[in-house]
Amino acid sequence: MDEGLTFSPPADPVTLIRRLSFDLIGLPPTAAQVAAFAASPNEASYESLVERLLSSAHYGERMAVHWLDLVRYADSCGYHSDVDHPISPYRDHLLDAFHPPFPFDQI
């Protein structure tokens with residue numbers, strides 16, 4: 001069914017680096033990183049940027065957030081005694097799983 005929709009125009013270099021950075025590591029790029037990428041916005045610099053963000057320790061933290069949000073519900077018995085359930089070993093495993101990235105069937 002044709003709805004008359006079209007693709008958005010390509011993002012400018014500053015918007016692109018900000019989107020990638022927030023999406024992959026959850027943090028904004030520095031002013032120096034923005035200036036360096038905006039100075040030569042080509043395919044090679046884009047690939048280099050993606051590789052740098054994927055190899056950042058912040059990438060693992062960002063990807064683990066969704067899994068840790070799910071575990072947070074199991075961190076409490078939910079009753080008045082509310083016995084602690086340590087989940088730090090699971091957190092450590094998740095962070096290690098994303099650096100270096102494990103295949104998804106081994107996480």
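User: Which residues are buried in α1?

Analyst: In helix α1, the buried residues are I17, L20, S21, L24 and I25. Buried means under 20% relative accessible area, exposed means over 50%, and partly exposed lies in between (1.4 Å probe, protein chains only). This is a predicted model, in which local features need pLDDT of at least 70 and side-chain atom pairs count only at pLDDT 80 or more, while totals for chains, interfaces and linings use all residues. Residues are numbered from 1 along each chain as its sequence is written, and side-chain values use heavy atoms, with hydrogens and water left out.

User: What puts these buried residues on the same side of α1?

Analyst: I17, L20, S21, L24 and I25 are the buried residues of α1. They cover an arc of only 95° around the axis, which puts them on the same side of α1. The arc is that of the directions from the helix axis to the C-beta atoms. In general, an α-helix has 3.6 residues a turn, so residues three or four places apart point the same way.

User: What is the span of α1, and what is expected?

Analyst: Helix α1 covers residues 13–25, which is 13 residues, and reaches 18 Å from its first C-alpha to its last. The expected span is 1.5 Å times one less than the number of residues. For α1 the expected value is 18 Å, and the computed reach is close to it.

User: How many helices and strands does the protein have, and what makes a run count as one?

Analyst: There are five helices and zero strands, and the pattern along the sequence reads α-α-α-α-α. Helices (H or I, at least four residues) and strands (E, at least two) are DSSP runs, numbered from the N terminus.

User: Why is S21 called buried?

Analyst: S21, which lies in helix α1, has a relative accessible area of 3%, and is therefore buried. Leaving aside neighbours within four places in sequence, S21 is in contact (heavy atoms within 4.5 Å) with G26, L27, P28, P29 and L53. The C-alpha atoms of S21 and L53 are separated by 6.9 Å, although the two residues are 32 residues apart along the chain.

User: Why does L20 count as buried, and which residues does L20 contact?

Analyst: L20 is also found in helix α1. At 13% relative accessibility, L20 counts as buried. Beyond neighbours within four places in sequence, L20 is in contact with I25, Y46, L49, V50 and L53.

User: Why is G26 called partly exposed rather than buried?

Analyst: G26 has a relative accessible area of 31%, so G26 is partly exposed. This residue sits in the loop between α1 and α2 (31–39), and just after α1 G26 takes a positive phi of about 75°. Apart from neighbours within four places in sequence, G26 is in contact with S21 and R62. G26 and E61 are 35 residues apart in sequence and 8.7 Å apart in space, C-alpha to C-alpha.

User: What makes up the largest nonpolar core?

Analyst: The largest nonpolar core has 11 residues in all: I17, L20, L24, I25, V34, F37, L49, V50, L53, Y59 and F98. The elements that give two or more residues to this core are α1, α2 and α3 (43–54), and α1 gives the most, with four residues. A nonpolar core is a set of buried Ala, Val, Leu, Ile, Met, Phe, Trp, Tyr and Cys residues joined through side-chain atoms within 4.5 Å.

User: Why is S45 called buried, and what does its side chain reach?

Analyst: At 17% relative accessibility, S45 counts as buried. S45 is found in helix α3, and its side chain reaches the backbone oxygen of S40 at 2.6 Å. Leaving aside neighbours within four places in sequence, S45 is in contact with F37 and S40.

User: What places the buried residues of α5 on one face?

Analyst: In helix α5 (residues 88–97), L94, L95 and A97 are buried. Seen down the axis of α5, its buried residues fall within an arc of 160°, so they line one face of the helix.

Conventions: Polar contact = N/O pair within 3.5 Å; in protein donor to acceptor, adjacent residues only side chain to side chain.
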